[in-house]
Amino acid sequence: MTKTLEIYYQMEDYLHYCRFTRGMSDMTIKSKHHTYLHFIIDSECEDMRQLTNQGYDSWVEKQVKAKVSNRTINTRTAHIKAWVRYCREMGMKIPIKLPLIKKRHEGKVTRVHYTKEEIDRVLAHADEMTGLLIRICFDAGLRISELTNLRLDNFKGQKIHFVGKGNKDRESYVTLDTYERLIDYVSKNSITDALWPGRFGGTCSTDTLRIKMREAFTEAGFDDFYPHALRHSFATDIQNKGAELLEMQMMLGHSNAQTTERYLHGLDGRQQALFSKYKDSSLKTPGITPSARLKAETREKREKETKQSFERCMDDFSPEQQKIFMELIARISELGAKQRTANM
């Protein structure tokens, strides 16, 4: 083993730990791998045991000259520091002093988000699949990686149960309108597993879904779209409707801070109530199969409309006309019953 290759083995060892011990997502692993490869090339470091503060500072200077944003540099630095800590836990002696690494000033972060009205504008330019991608993200606040991996069995009625960032179980919900559109999409496309089947089998890639959504936003006049903006839009939407901070954290699935986690325990079991309050008041209790749910909802809707129509009709009649009308209905019902008996 040459000295030059040593850092690559160290990188693969750490990434293996991240994937199989920490359970990090494919997107996180991909981000770390990209950062480490560029770090190895730009810093010319051949072994983590050679890494010094001077070497780190030189690497940062190269990024600044390349006009990399301070926010991106800070993100990459966090990856490097995590790698250093792991190596030290494995007994490796590394000369770099982490407390001397100063976080760069990022300035005010401008986050893109869209209102419900703007989302509706975009949906007018989207095909069926793209529209569903956008609706589900806006309804449920999903990350693009979570959206990509959705399968039919993740849905229990309007409820979505899935494994989110950090390999944690999460739940969210979609509105009744989105749910009904999803059922139509599943039926028409004979979906049995992955919601977004690829052209040649398997599932669509994250990049494919990103491109499809971006095209719809661009056609609607929005050139600043990126998938995570829909998650920001979800958060802004429920905040504008009165959601408190802890409720927002619950609905977004944020649980990194220990203090936040302690307070969130008091909200366990309230996901459906919160979603119904801030996103869709027509949310029904999950558990009914999609076809049965739709039949029940359609029947209820028709019965309500029939009753309202009957009441309006009766209001237009005089008392004498109402009496004659009720007698006529009773006679028709009687004849119908006799006909059904005769056909048995």
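## Overall picture

Among contacts in the protein chain between residues at least 6 apart in sequence, what percentage join residues at least 24 apart? The share is 61%. The structure discussed here is a predicted model. Its protein chain has 15 helices and 3 strands. The chain comprises 344 residues, and buried residues make up 38% of them.

## The nonpolar cores

In soluble globular proteins, nonpolar side chains tend to be buried together. In this model, the largest nonpolar core has 40 residues. Those with the most contacts inside this core are Ile-134, Ile-136, Leu-147, Leu-150, Trp-196 and Phe-217. Several elements give two or more residues to the core, including helix H5 (116-123), helix H7 (144-148), strand E2 (159-163) and helix H9 (206-219). The largest share, 8 residues, comes from H6. A separate core of 26 residues lies apart from this one, and among its members are Met-11, Leu-15, Ile-29 and Ile-40.

Leaving aside neighbours within four places in sequence, Trp-196 is in contact with residues including Met-129, Leu-132, Leu-133 and Ile-136. Leu-147, Thr-148, Leu-150 and Tyr-185 are also among the contacts of Trp-196, as are Thr-203, Cys-204 and Leu-209.

## Aromatic rings

A pair of aromatic rings is described by the distance of the centres and the angle of the planes. A search of the whole structure finds 13 aromatic pairs. In one of them, the ring centres of Phe-39 and Trp-59 are 5.1 Å apart. The planes of these two rings stand at 90°, so the pair is classed as edge-to-face; an angle over 60 degrees is required for that description. Phe-39 belongs to helix H2 (residues 26-43) and Trp-59 to helix H3 (residues 53-65), so the pair links distant parts of the chain, 20 residues apart. Both Phe-39 and Trp-59 are buried.

Aromatic residues also gather in a group: Tyr-14, Tyr-17, Tyr-36, Trp-83 and Tyr-86 form one aromatic cluster. Elsewhere, Lys-279 lies over the face of Phe-138, at 4.0 Å from the ring centre.

Which residues does Ser-233 touch, not counting residues up to four places away in sequence? They are His-113, Tyr-114 and Phe-138. Ser-233 is found in helix H10. With a relative accessible area of 1%, Ser-233 is buried, because buried means under 20% relative accessible area. A polar atom of the Ser-233 side chain lies 2.8 Å from the backbone nitrogen of Tyr-114.

His-79 has its place in helix H4 (residues 70-89). The relative accessibility of His-79 is 11%, and this residue therefore counts as buried. Not counting residues up to four places away in sequence, His-79 touches Ser-31, Lys-32, Thr-35 and Tyr-36. Tyr-36 is also a member of the aromatic cluster described above.

## Helix H11 and the glycine after it

H11 is followed by Gly-253, which has a positive phi, near 80°. Gly-253 lies in the loop between H11 and helix H12 (258-264). This glycine is partly exposed, with a relative accessible area of 27%. The C-alpha atoms of Gly-253 and Leu-142 are separated by 9.4 Å, although the two residues are 111 residues apart along the chain.

## The sheet

The 3 strands form an open sheet in the order E1-E2-E3, with antiparallel pairing. Strand E1 (155-156) and strand E3 (169-173) stand at the edges. Each of these has a single partner strand, so one side of each is left without a neighbour in the sheet.

E2 and E3 run antiparallel and are joined by 5 bridges.

Key
Residues numbered from 1 in each chain as written. Predicted model: local features only at pLDDT ≥ 70, side-chain atom pairs only at ≥ 80, totals over all residues. Heavy atoms only, no water. Helix = DSSP H or I, 4+ residues; strand = E, 2+ residues; numbered from the N terminus. Phe/Tyr/Trp six-rings, centres within 6.5 Å; stacked < 30°, edge-to-face > 60°. Buried < 20%, exposed > 50% of the residue type's maximum accessible area, 1.4 Å probe, protein only. Lys NZ or Arg CZ within 6 Å of the ring centre and 35° of its normal. Core = buried A, V, L, I, M, F, W, Y, C linked by side-chain atoms within 4.5 Å. Contact = heavy atoms within 4.5 Å. Polar contact = N/O pair within 3.5 Å; in protein donor to acceptor, adjacent residues only side chain to side chain. Pairing = 2+ DSSP bridges.
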